[in-house]
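Subject: Structure handover

Hello,

Here is the structure for your review. Please open it alongside this note.

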Amino acid sequence: PFLGKQPVRIYEDIEQRSGWASNAECVLLLCLLAACGCQIGASQHLLKTVRKDAEGRAKLGVEAFAEALLGVPKTLAENAGFDAQESIIAVQEEHENGNPAGLDISTGEPLDPVACGIYDNFLVKRQIIQSAPVVASQLLLVDEVMRAGMNMRKR
């Protein structure tokens with residue numbers, strides 16, 4: 001979810017401060033998202049509601065993607081030393097109650113990242129999501145090549 005109704009645009013601010021930022025910085029600062037896994041939790045919650053309308057195999061695909069999205073908040077919780085299941089359940093309950101929430105890595109409890117001023121860059125998130133299938137297919141290809149090599153040794 002974007003902050004507010006529109007992405008946070010800073011073109012006007014940059015134009016007012018001419019010479020303040022390079023063109024590359026203008027592109028990188030295009031818009032912000034709530035951090036701490038908040039947008040991932042909201043996306044997962046939305047996918048769970050959309051799953052009800054899906055039919056057949058699509059239903060399983062939507063469910064699998066929704067569960068895969070939880071990998072990031074689970075990793076955040078585990079790396080911070082908290083029980084990932086308890087932390088994720090607490091964040092999911094906040095989303096079900098209509099409250100945007102991410103994971104506070106200091107306490108393991110849900111947190112409103114916008115209220116705390118914690119943001120992610122939209123363009124970076126988009127690039128990560130677009131790169132994920134490429135990385136996954138490369139890993140599968142490496143696995144396949146290794147398996148073929150093992151089979152050739154056995155002959």
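Below is what turned up on salt bridges, cysteines and surface charge.

Keep in mind that this is a predicted model.

Salt bridges

The structure holds three salt bridges. Side chains of opposite charge can pair when their charged atoms come close.

Lys48 pairs with Glu67. Their closest N and O atoms are 3.7 Å apart. Lys48 sits in helix α3 (residues 38-51) and Glu67 in helix α4 (residues 57-69), so this bridge ties together parts that are 19 residues apart in sequence. Lys48 is partly exposed, at 39% relative accessible area. Glu67 is partly exposed too, at 36%.

Arg51 and Glu63 form another salt bridge, at 2.9 Å from N to O. Arg51 belongs to helix α3 and Glu63 to helix α4, so the contact links parts that are twelve residues apart in sequence. Arg51 has a relative accessible area of 28%, which makes the residue partly exposed. Glu63 is partly exposed at 34%.

Asp143 and Arg147 also form a salt bridge. Here the closest N and O atoms are 2.6 Å apart. Both residues lie in helix α8 (residues 122-154). They are four residues apart, so about one helical turn separates them. Asp143 is partly exposed, with 37% relative accessible area. Arg147 is partly exposed as well, with 49%.

Cysteines

Is Cys38 buried or exposed? Cys38 counts as buried, because its relative accessibility is 2%. Cys116 is partly exposed, with a relative accessible area of 47%.

Surface charge

Which residues gather in a patch of negative charge on the surface? They are Glu78, Asp83, Glu86 and Glu109. Glu78 is part of helix α5 (residues 71-79). At 53% relative accessibility, Glu78 counts as exposed, because the cut-off for exposed is over 50%.

In brief

Best regards

Definitions and conventions:
Residues are numbered from 1 along each chain as its sequence is written. This is a predicted model: local features need pLDDT of at least 70, side-chain atom pairs count only at pLDDT 80 or more; totals for chains, interfaces and linings use all residues. Side-chain values use heavy atoms; hydrogens and water are left out. Patches are made of residues with over 30% relative accessible area and no salt bridge: like charges are joined within 9 Å, nonpolar side chains (Val, Leu, Ile, Met, Phe, Trp, Tyr) within 5 Å. Accessible areas come from the Shrake-Rupley method with a 1.4 Å probe; for residues, only the protein chains shown count as cover. A salt bridge is a side-chain nitrogen of Lys or Arg within 4 Å of a carboxyl oxygen of Asp or Glu. Lys and Arg count as positive and Asp and Glu as negative; His and the chain ends are not counted. The place of a charge is taken as NZ of Lys, CZ of Arg, CG of Asp or CD of Glu. Helices (H or I, at least four residues) and strands (E, at least two) are DSSP runs, numbered from the N terminus. Buried means under 20% relative accessible area, exposed over 50%, partly exposed in between (1.4 Å probe, protein chains only).
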